[in-house]
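Colleague: I have the model open on my screen and would like to walk through it with you. Could you spell out the terms as we go?

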Amino acid sequence: MKISVLGATGAMGGFVIKAALQEGYAVENKVSSKDNIENLFRDVDAIIDFSCPMATEAMLRYAIAHDMHIPIVIGTTGLSKMHIALMKDCARHVPVFTAPNMSFLISIINMAVYAMAKLLDEDYDVEIMDIHHKLKKDAPSGTALMLGKTIAKARGRNFDEVSDFVRYGIIEQRRRGEIGFSVQRCGNVIGTHEISFMGEFENIKITHEAHSKEIFARGSVQAAKWLLKQPNGLYTMNDFTKDLMVPMVKSLYKDFFTRRLDDK
Ligand SMILES: NC(=O)c1ccc[n+]([C@@H]2O[C@H](COP(=O)([O-])OP(=O)(O)OC[C@H]3O[C@@H](n4cnc5c(N)ncnc54)[C@H](OP(=O)(O)O)[C@@H]3O)[C@@H](O)[C@H]2O)c1
């Protein structure tokens, strides 16, 4: 496979190039802010983007305007509804994959919090914290937002109505069903997310800590490999992991519920 990398001079870009070469792929075009966006589309099988919202927009607009048929993996975060509309437009002609977090473990956590939000009612207050290095520009992180949206969906709630991003001064009492976010931007933290379900008598906390950005780069290269086999459309990490996870989860719970006291 031959790929282009958008954001090639960045921290993520460097890891994507390394991960692609390790997989035996050729990195044909390395594009950053000093290059012309059209270079991305020169003689490759897929594009991987870890840049910034402005560059992602330019890439999508170019692909749409020039009817490009090269699959695109988008890891850039801080994207708006306008970007989603552009991705949907582009995905009519080509497979497009987007995920604010390319870690497989985060996919597992996303599934776990969905199940927990289904099992626990809104008496359990949900709080999501994200901690990242001081250079990160968007807040809350795309991952924190994704997890919050998963919980809102599991509860049948509109995310915009139940999410609370700002607490300062005299604030009203917590609303039932509210999903609270808190953000730390400090030091050199790669990315930590903590999701808490806080009840009257007991709490559950799930924490994910990324130790290296390399994990996201490897995930994006695997996603590109998978995307090449998909028909045109807009895909997320859920689609990527579904084939693998759904049979696994079904069998997991079958085994779990058939366990007996005297099982060895
Ligand atoms: N989905 C995930 O799993 C995941 C994981 C980690 C990070 N991210 C996201 O990935 C993105 C990049 O992160 P990073 O840590 O690699 O950032 P970074 O080190 O700041 O790198 C940004 C890259 O984007 C390029 N760029 C900036 N403006 C551009 C423009 N107008 N046109 C073309 N290229 C442009 C920069 O090029 P110059 O060097 O020329 O400025 C650089 O190569 C962020 O949105 C981050 O949140 C996602």
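Modeller: Let me begin with a term: a residue counts as near a molecule or strand if its C-beta atom, placed from the backbone, lies within 6 Å of it. This is a predicted model, in which local features need pLDDT of at least 70 and side-chain atom pairs count only at pLDDT 80 or more, while totals for chains, interfaces and linings use all residues. Residues are numbered from 1 along each chain as its sequence is written.

Colleague: OK, which residues come nearest to the ligand?

Modeller: Those that come nearest are G10, M12, S32, S33 and A55, out of the 25 residues around the ligand.

Colleague: And how do the residues of that shell divide by type?

Modeller: Eleven are nonpolar, twelve are polar and two are charged, where Ala, Val, Leu, Ile, Met, Phe, Trp, Tyr, Cys and Pro count as nonpolar, Asp, Glu, Lys and Arg as charged, and the others, Gly among them, as polar.

Colleague: Which helix gives the largest share of the shell?

Modeller: Helix 1 does, with three residues, and both helix 1 (11–22) and helix 2 (53–65) supply at least two residues each. Helices (H or I, at least four residues) and strands (E, at least two) are DSSP runs, numbered from the N terminus.

Colleague: Switching topic, how is the chain divided into domains?

Modeller: Domain 1 covers 2–102 + 214–247 and domain 2 covers 105–210, with bounds that come from an automatic or database domain assignment. The C-alpha centres of the two domains lie 26 Å apart.

Colleague: How many residues are in contact between them?

Modeller: Eight residues of domain 1 are in contact with eleven residues of domain 2, contact being C-beta atoms, placed from the backbone, that lie within 7 Å. On the domain 1 side, the largest share, three residues, comes from helix 8 (residues 237–257), and that side divides into four nonpolar, four polar and no charged residues.

Colleague: What about helix 7, is it enclosed or in the open?

Modeller: Helix 7 is largely enclosed by the rest of the structure, because ten of its 14 residues are buried, among them I215, F216 and R218. A residue is buried if 20 or more other C-beta atoms lie within 10 Å of its own, exposed if 12 or fewer, and partly exposed in between, with C-beta atoms placed from the backbone.

Colleague: And strand 10, enclosed or in the open?

Modeller: Strand 10 (residues 203–210) lies largely in the open, since the number buried among its eight residues is zero. A hairpin of four residues joins strand 9 to strand 10, and the two run antiparallel with eight bridges between them, E194 standing opposite T207.

Colleague: In what order do the strands of that sheet come?

Modeller: The order is 7-8-6-9-10, five strands in an open sheet with mixed pairing, where two strands pair if DSSP finds at least two bridges between them. Strand 7 (163–164) and strand 10 are the edge strands, each pairing on one side only. Strand 6 (residues 125–132) runs parallel to strand 8 (residues 179–185), joined by seven bridges, and H132 stands opposite R185.

Colleague: Last one, I72: buried or exposed?

Modeller: I72 is buried, with 27 other C-beta atoms within 10 Å, and its place is in strand 4 (residues 72–74). Leaving aside neighbours within four places in sequence, I72 is in contact with I47, D49, A63, V94 and V96.

Methods: Contact = placed C-beta atoms within 7 Å.
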